[in-house]
Amino acid sequence: QYDRTRDMTIVKKNFENYLTSMGTDYIDFGMLFFIDSEEDYRDTFDGGLADYALELKKKGVIRAIGASSHNPVIATKVVNSGIVDSLLFSINPAFDLYPVEDYTLGALETGLDSSKFVGIDPDRAAFYRLCEQKNVGITVMKTLCSGKLLSPEQTPFKKPLSVGQCIHYALTRPAVASVLIGSSTPDEVAESVAYLNLSDEERDYSEAISAFQGKFSGSCVYCNHCLPCPSEIDVAALTKYLDIAKLDENSIPPSIRHHYESLERKGSDCIQCGSCMERCPFSVDIMGNMQKAQSLFGV
């Protein structure tokens, strides 16, 4: 039943048939599917598909507009179009390390080459922060990198990650609301939901990617490896909101300001002891970030 087309005659026929076959007069999400290239973007936004989705949303036939992509540059254009409410996007530690010009889905077929790792790709990091800034929620696909990150033979890291570590990595990216995990057995389902009961140590993914510390140097990956903080600051959450605020320091979105103000401990609570920086695997200027947060948010 899989069919990918942007021929509007076929799109409308398939969508109407779907409503009939499901016995409903609306759906929650209308997905603009698989927008990975400039051609995909033009076909979607200039070929009538995006306009059709907006028309259906206006009528209440779809309640929200979603999109899916594996390319952060194209996905940024989709978000900046202003019409999407959510995005299905591929996120895992290996994909985030790949240069944006390397197509990650192709890397799944040819093999993940750790020699190409460049640190968190700036286009991907900026894309996650943009989604948070624009209040576009991300649902993650390829969380386990099609299982390759779990395999001693196929992982690009020195050792495989656990399911829980992969889930935690995705959930700690800005704007991520949920993750999708492919499972084929009851045991695999149990392994995924066991994430909810894991300790902070069991969720910690920083060791696996710290081998690339030189390429990460200075960039927070929100791992909270720096804790415990004697002032009980949630360093990862605070830094995440700071990074998003820095996208436009003169116009911080109210939602980001609200998230920051909801933190129990703020930048002003930092006592500048430096214990966090001694533990950070990525040489982040955490104390400087605390001062910057206090300056930007006023507390």
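These are my notebook entries on a predicted model, taken one region at a time.

**Entry 1**

Five of them form an open sheet, in the order 1-2-3-4-5, and the pairing is parallel. Strand 1 (27–32) and strand 5 (176–179) sit at the edges, each pairing on one side only. I looked up the twist too: from one strand to the next it averages 30°.

Then I followed strand 1 to its partner. Strand 2 covers residues 62–69 and runs parallel to strand 1, with five bridges joining the two.

**Entry 2: helix 3**

Next I went to helix 3, residues 49–59, and asked which of its residues are buried. My list reads Leu49, Ala50, Tyr52, Ala53 and Leu56. These residues lie on the same side of helix 3 because they cover an arc of only 160° around the axis.

What do the buried residues of helix 3 pack against? I found helix 1 (8–22), strand 1, helix 2 and strand 2. On the face turned away from the buried side, I noted the exposed residues Asp51, Lys58 and Lys59. Gly60 follows helix 3, and its phi is positive, near 85°.

**Entry 3: helix 4**

Helix 4 spans residues 72–80 and lies across strand 2 and strand 3 (86–90). Its direction is at about 180° to strand 3. At the N-terminal end I found a cap: a side-chain oxygen of Asn71 lies 2.9 Å from the backbone nitrogen of Val73. Just after helix 4 comes Gly82, with a positive phi of about 85°.

I checked burial here as well. Pro72, Ile74, Ala75, Val78 and Val79 are buried. Their arc around the axis is only 155°, so they are on the same side of helix 4. Helix 2 (38–46), strand 2, strand 3 and helix 7 (122–134) are among the elements that cover them.

**Entry 4: the core**

I wanted to know which residues have the most contacts inside the largest nonpolar core. They are Leu32, Phe127 and Ile138, in a core of 84 residues. Helix 13 (residues 235–245) gives the most to this core, seven residues.

I then listed the contacts of Leu32, leaving out neighbours within four places in sequence. They are Thr44, Phe45, Leu49, Ala53, Ile65, Gly66, Ala67, Ser68 and Ile83.

**Entry 5: two single residues**

Is Pro174 buried or exposed? It counts as buried, because its relative accessibility is 2%. I located Pro174 in the loop between helix 8 (163–171) and strand 5. Not counting residues up to four places away in sequence, Pro174 touches Tyr128, Arg129, Glu132, Ile138, Tyr222, Lys240 and Ile244. Ile138 also turned up in my core entry.

Last, I looked at Ser275, which lies in helix 15 (residues 275–279). Its relative accessibility is 18%, and buried means under 20%, so Ser275 counts as buried. Beyond residues up to four places away in sequence, Ser275 touches Pro228 and Pro230.

Definitions and conventions: Residues are numbered from 1 along each chain as its sequence is written. This is a predicted model: local features need pLDDT of at least 70, side-chain atom pairs count only at pLDDT 80 or more; totals for chains, interfaces and linings use all residues. Side-chain values use heavy atoms; hydrogens and water are left out. Two strands pair if DSSP finds at least two bridges between them. Helices (H or I, at least four residues) and strands (E, at least two) are DSSP runs, numbered from the N terminus. Axes are lines fitted to C-alpha atoms, for helices over the stretch in contact, and angles run from 0 to 180 degrees between N-to-C directions. Contact means heavy atoms within 4.5 Å. Buried means under 20% relative accessible area, exposed over 50%, partly exposed in between (1.4 Å probe, protein chains only). The arc is that of the directions from the helix axis to the C-beta atoms. A polar contact is a pair of N or O atoms within 3.5 Å; within protein, one must be able to donate a hydrogen and the other to accept it, and residues adjacent in sequence count only if both atoms are side-chain atoms. A nonpolar core is a set of buried Ala, Val, Leu, Ile, Met, Phe, Trp, Tyr and Cys residues joined through side-chain atoms within 4.5 Å.
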